[in-house]
Amino acid sequence: MKRARRALLPLLAVAAAAGAQAPPDSVPAAGIDPADVYRREVFRYQAGGRPDPFQPLIAGDEAGVRVRDLTLVSIIHNASSPRASSAVFQVAGDSSRVRLRTGQRLGTVTLLAIR
C-alpha cells in the first residue's frame, strides 16, 4: 500500500506542474488559442421519414374523447351499492349518451368517482 502511494506522488507532482485543463464550459484565459479549447458535440435531428421525437405520438383527433368533450347529463345513484352507481355523459357533436361506472374508461377519460 505504501509503495502504491509513493508511486502516485511523482505522477501527481507531474500533473500539477503540467496544469489542469480548463473545464469545457469555462472561458479561455488570455494567451490561450481558442482553437485549443474543448468544444461540445452538437447533435441535429434529421427526420428522414421518422417521426419527430419532440411531438406527441397521438394527434388530437386520434386521442379519442377528452374531458372537455363530455357533458354530464345525469347520475344514477344506487344507495345500497355505491359501486353500482353510474354517470351518464353526452359527447360533444353527438346525440348519443354514454353510461359509465367508477373505473371505466372512455377515450382518454377514466371515471374515478361518483359523488
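User: Hi! What order do the three strands of the open sheet have, and how are they paired?

Analyst: Hello! The order is 1-2-3 and the pairing is antiparallel. Strands here are DSSP runs of E with at least two residues, numbered from the N terminus, and two strands pair if DSSP finds at least two bridges between them. This is a predicted model, where local features need pLDDT of at least 70, side-chain atom pairs count only at pLDDT 80 or more, and totals for chains, interfaces and linings use all residues. Residues are numbered from 1 along each chain as its sequence is written, and side-chain values use heavy atoms, with hydrogens and water left out.

User: Which are the edge strands?

Analyst: Strand 1 (70-76) and strand 3 (97-101), as each pairs on one side only.

User: And strand 2, is that mostly covered or mostly exposed?

Analyst: Mostly covered: five of its six residues are buried, where buried means under 20% relative accessible area with a 1.4 Å probe, counting protein chains only.

User: How many bridges does strand 2 make with strand 1?

Analyst: Six, in the antiparallel sense.

User: What about strand 2 with strand 3?

Analyst: Strand 2 (residues 86-91) pairs with strand 3 over five bridges, again antiparallel. A87 sits opposite L100 of strand 3, and Q90 faces R97 of that strand.

User: Switching topic, how many residues lie between strand 2 and strand 3 in their hairpin?

Analyst: Five residues, and G93 in that turn has a positive phi of about 80°.

Conventions
Helix = DSSP H or I, 4+ residues; strand = E, 2+ residues; numbered from the N terminus. Buried < 20%, exposed > 50% of the residue type's maximum accessible area, 1.4 Å probe, protein only.
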